Every structure is written in C-alpha cells, then in structure tokens.
Amino acid sequence: MDSKRVDTPNNVVVDYDDKKDITPKATDYAQDSGVMAGEISGEVSDVDLRDDLEKQKTAEGEAHFHRLGWKRLTIVLIVEAIALGSLSLPKVFATLGMVAATILCVGLGLLAIYTSDIVGQVKLKFPEVAHYADAGGLVAGRFGYEIVGAMFVLQLIFLVGSHCLTGTIAFNTLTNNGTCSVVFGVVSAIILLIVAIPPSFSEVAILGYIDFASIICAIGITIIATGIQSSQKEGGLSAVDWSAWPKPDLSFTDAFIAISNIVFAYSFSMCQFSFMDEMHTPADYKKSIWALGLIEIFIYTVTGAVVYAFVGSKVSAPALLSAASPVNKIAFGVALPVIFISGSINTVVVGRYIHGRYYKDSITRFINTPKGWTTWLILITAITVIAFVIAEAIPIFEDLLSISSSLFISGFSFYFPSIMWYTLLREGSVFERKNWFPAIMNLVTFIVGIVVLGAGTYASIDDIIIQFRGNDVRHVFSCAP
C-alpha cells in the first residue's frame, strides 16, 4: 500500500505506511511548535497509545482467527467428528443387525452431509452468524438465540464429558484398574484442559493430523486383533454369531439407543458455523463437508460391520475393549491422542462462544491480552470441571452418547437445518418446481430429528434407570472400574 502524507495540527507533514500503523508521536508536534513533550504527553499520547494498542490487538486478533482454509477445516471437522462415534458403532451393529445398521449408517451419513450444506449456505448468506446460536436468533429472535445457545453449550459440555469418561476407561484398561476410577477421571479432565488452551481452530488443526492417525491406527489394531482372535477359535470366523437381522430380544429402548449412537457419530454440522467463521474463504466449505462426510460413512460402516463380524454379539462399547489383552491396551494407548484432542476442541468451541459473547465489544475477545488470557483460562477450566462431573454422574458410555445426541444433536444435525431452509433460504413457495426436492428433503430431516429427540431421549433415560437398578454399572463418583 502506498505511503500517505498527513498534515498534523501543527503543520508537520508525517509520512507513514498503512501496513505498519505508525501514528505521529506527541514529541513530533512538540519539536515543531516549541511545546515541551511532557506538557502534552498526558493530554495526547496516553489516549493515542491506548487507541493504537486496541487497533493493533484487534488487527492481530482478526488476522489470527481468520487463517482457516478448506483443507484445515476438513481436518478440524475430522478432529471434532471422527472420535467416539466410531468406537460405538460395532455395538450398534450387534443391536440392529448388519443390514439395518449399514442402511442407517449410510443413509444418516448422506442426510448429515445434506444438512451441513444447508448450514454452510446460511453462513454464506448471513456472514455475521458466528455460532449456531446466532442462526437460532435469525429464525426466532432473542428466544431462538437463547434456546439454541443453551443447547449448544450443553451439548458441547456433554461431549467433553464423554471424552473424559472414555479417558477414564482407557486408563483403567491400560493399568488393569490400577487406581480409583475417579482419579483417572481427574487426570483425563486435566489433559483435556491443557490441550484446550490454544483458542484458535487453525492451531488445533495441526494436532488434527495426529488425531486422525490415532483413531485410524486404533481402529486398525482392533480390526486386525479381533480378526486374528476369531480365526484362531474353534470353527474360525464361520463360528462367530453375527447376524444380518436385529437381535432376537431387541427392545424399543435398545433400538433407539443404537440409532441415537449413529446420530451422535454424524454431529459435525453443530460446530460448522464456528469453524467457518475462521475461514479465509468460507465458500470452500462444500469441499470440506463432502470430504469429511464420505470419510465418516466409510470408516463408520467398515468399522461397525467388520468388528461385529469378527466378534459377534459380545462386542463391547467402546469397541477397543473387544480386543483381548494386551492388544486392547495397545489400542487404547494409540487412541489416547484422539480421546483428548477431539475432546478438547469441543472445549475450545464452547469457550469461544461464551467468551466472545461476553466480551463482544472488547479486544479481550481476541485472547491476546493479559485479561483475555486470564478470562480464557478461567472459562475453559470451569467448562472442564462441569464436564468431569457429567462424566461421573452418567458413567455409561453408550447412554452418555445417546442422551446427548437425542437431546441436542437431533436438532443441530437434523431439525434445525430443515427449519433454517424453510425460514432463511427458501425462495418462493414450497410448491414451485425448484423447491420440490429441498422441501421434501427438509421435511424428512425434520421428522428424523423430532423422532430421535422424543424416542431417543426416552430410551436413554429408561436404560440409565434400568442399569442403575440392576447394578450393572459403577455408581456416581465410585472407584469401581
């Protein structure tokens, strides 16, 4: 950018480069006018320097939080999405059978890609939408903003809690239940907190490569190990009791917990507004959601089907427990990065939403000042503590995933996007030819979301009650594994 010449009040001509944001100092004026610098420093320089500092920090913050390209967005989405969902899928296949589970994995995956495209279209049409709560505000005003915002915060905290619980299970497995489970829960929470300290998604994307390699290797180890174990048993793989059809004693509760776990696995649209807000070219989002969606469908379907075919009806959740010791220890050791990196990004998302909302008109929101860092660290610590309490209160892996997906992901991934299409994106009547397909698709997604919300929530609560009554699970804040 060309240098500019500015005449000061004392007729001193100052050259400065826009890129350096240099402001004439009070001493420049003093030398020309004969006024002592000390006489005007209190009147001019303190205010100017404070304004300059705010401009500088604002410019740094804007630059720091708009560095995300579509490739890094894909990695961030993978970090956020492909984690615990994949570990629950083999048990889903054991519940629903090979045919129904495969159809649901592929069908709900394609539906999730479609609704994520709607989320992206809303972001492009309304660039000011920084989080899902903002979209709720566009649809239903202040009421929508507050309701969706509360759901957004609760779901992300539930997600952090589920990762904390998985960390507890992992450490119990690695140490043969070497200490109190609550201690392992605290250790997991501390690790989640430390990894969540960097507030920018572009920084988390760097860890994403480790995260993706971690989950792929852990799944690969589990598949290979369970395959070898089954082949060495009497009768080999042909003796494994897997079925194409649902298990004979399938109850309504079991069925919808399984379906809710598939819904949980396709939850990437929930954080899409937040991630796209950091993109330097938001229109590239389509590449990311298609890349992620197809990768997810492949990983989930293959993992669920193959591990179930190797282990049969006794498959565990999370799936890494299905491999015999010491292989399951190796698998959990390899999976530790994905447990904590994927969990921490949810802390970052919810922290950025709360922090940005509270400090909306302050440079503190950019987390590049002492006050910004102090408030950020206090906030993510509070989030992690609440998530730890949730993990201890609902120490059942499947049910924790199921209740969060039923209550919240059913909306973020299905019925909210359909509502947004009807209210924010639709042009003309639903009966116009151009609107037939999207109108039908969004009606279907709305129905799917509402069914999962109602039936899935009932099933999750019912199963939690059944398991606690039957003493099939460790009690709240218990040292039991």
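How many salt bridges does the structure hold? I find that the structure holds 7 salt bridges. I take a salt bridge to be a side-chain nitrogen of Lys or Arg within 4 Å of a carboxyl oxygen of Asp or Glu.

**Basis.** I note that this is a predicted model, in which local features need pLDDT of at least 70, side-chain atom pairs count only at pLDDT 80 or more, and totals for chains, interfaces and linings use all residues. Residues are numbered from 1 along each chain as its sequence is written, and side-chain values use heavy atoms, with hydrogens and water left out.

**Entry one.** I looked up Asp277, which forms a salt bridge with Lys123; their closest N and O atoms are 2.8 Å apart. This pair links distant parts of the chain, 154 residues apart: Asp277 is in the loop between α10 (272-276) and α11 (285-311), and Lys123 is in helix α5 (residues 98-125). Helices (H or I, at least four residues) are DSSP runs, numbered from the N terminus. I record Lys123 as buried, at 5% relative accessibility, and Asp277 as partly exposed, at 23%. Buried means under 20% relative accessible area, exposed over 50%, and partly exposed in between (1.4 Å probe, protein chains only).

**Entry two.** I then looked up Glu146, whose side chain meets that of Arg142 in a salt bridge of 2.9 Å, N to O. Both residues lie in helix α6 (residues 132-174), 4 residues apart, about one turn of the helix. Arg142 is exposed at 61%.

**Entry three.** Glu146 also forms a salt bridge with Arg357, at 2.7 Å between the closest N and O atoms. Here Glu146 in helix α6 is linked to Arg357 in helix α12 (residues 327-358), 211 residues away. I record that Arg142, Glu146 and Arg357 are linked in a network of salt bridges.

Definitions and conventions: Helix = DSSP H or I, 4+ residues; strand = E, 2+ residues; numbered from the N terminus.
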